[in-house]
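I opened this notebook to record what I looked up in one structure. The entries follow the order in which I consulted the coordinates.

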Amino acid sequence: MTVLQKQALILMQALLGVISSNFRIVWVALENEIVIINIVLEKDLESDVEEIEDFKGEFEALQISNINYEVRVIVSSLDIDWPDPSTSIVVYKRRED
């Protein structure tokens with residue numbers, strides 16, 4: 001199992017109970033040995049921002065060792081380009097009409 005696959009599994013576990021209907025897509029990627037968690041929200045809702053802050057602590061707690069990571073939150077209702085599957089793993093994608 002690769003580092004990216006392990007982090008995707010940890011990310012899925014940490015996101016339990018966090019994702020609301022406002023979440024559009026969540027994926028994890030590696031950039032220069034930094035784990036990048038990308039979250040796209042449809043609207044900038046304070047409740048979701050608070051959940052994401054709480055999620056960070058859960059994500060760190062599930063790690064076996066220290067981790068260098070960054071969470072990027074994007075607020076957009078525009079069409080979403082699917083992340084590059086060779087460098088990222090999508091862990092959640094909302095079905096959109």
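**Entry 1: the loop between β1 and β2**

I first located Asn 32, which is found in the loop between β1 and β2 (34-41). I took strands from DSSP runs (E, at least two residues) and helices likewise (H or I, at least four residues), numbered from the N terminus. The model is predicted, so I kept to its limits: local features need pLDDT of at least 70, side-chain atom pairs count only at pLDDT 80 or more, and totals for chains, interfaces and linings use all residues. Residues are numbered from 1 along each chain as its sequence is written, and side-chain values use heavy atoms, with hydrogens and water left out.

I then read the backbone angle of Asn 32: its phi is positive, about 50°, although Asn 32 is not a glycine. Asn 32 has 76% relative accessibility and therefore counts as exposed. For this term I used over 50% relative accessible area as exposed, under 20% as buried, and partly exposed in between (1.4 Å probe, protein chains only).

Glu 33 has its place in the loop between β1 and β2. I noted a positive phi of about 65° for Glu 33, which is not a glycine. With a relative accessible area of 76%, Glu 33 is exposed.

**Entry 2: Arg 24**

Is Arg 24 buried or exposed? I found 3% relative accessibility for Arg 24, so this residue counts as buried. Arg 24 is found in strand β1 (residues 23-31).

I next checked polar atoms of the Arg 24 side chain. One lies 2.7 Å from the backbone oxygen of Ser 76, and a polar atom of this side chain lies 2.8 Å from the backbone oxygen of Leu 78. Leaving aside residues up to four places away in sequence, Arg 24 touches residues including Val 40, Leu 41, Glu 42, Tyr 92 and Arg 94; contact here means heavy atoms within 4.5 Å.

**Entry 3: helices α1 and α2**

I looked up how helix α1 (residues 3-14) and helix α2 (residues 46-61) are placed: their axes come within 9 Å and cross at roughly 130°. The axes are lines fitted to C-alpha atoms over the stretch in contact, with angles from 0 to 180 degrees between N-to-C directions. I recorded α1 and α2 as therefore oblique to each other.

Which residues make the contact? I listed Gln 7, Ile 10, Leu 11 and Ala 14 of α1, and Phe 55, Glu 58 and Phe 59 of α2. The residues of this contact divide into 5 nonpolar, 1 polar and 1 charged.

Conventions:
Parallel < 35°, antiparallel > 145°, perpendicular 65-115°, else oblique. Nonpolar A, V, L, I, M, F, W, Y, C, P; charged D, E, K, R; others polar. Polar contact = N/O pair within 3.5 Å; in protein donor to acceptor, adjacent residues only side chain to side chain.
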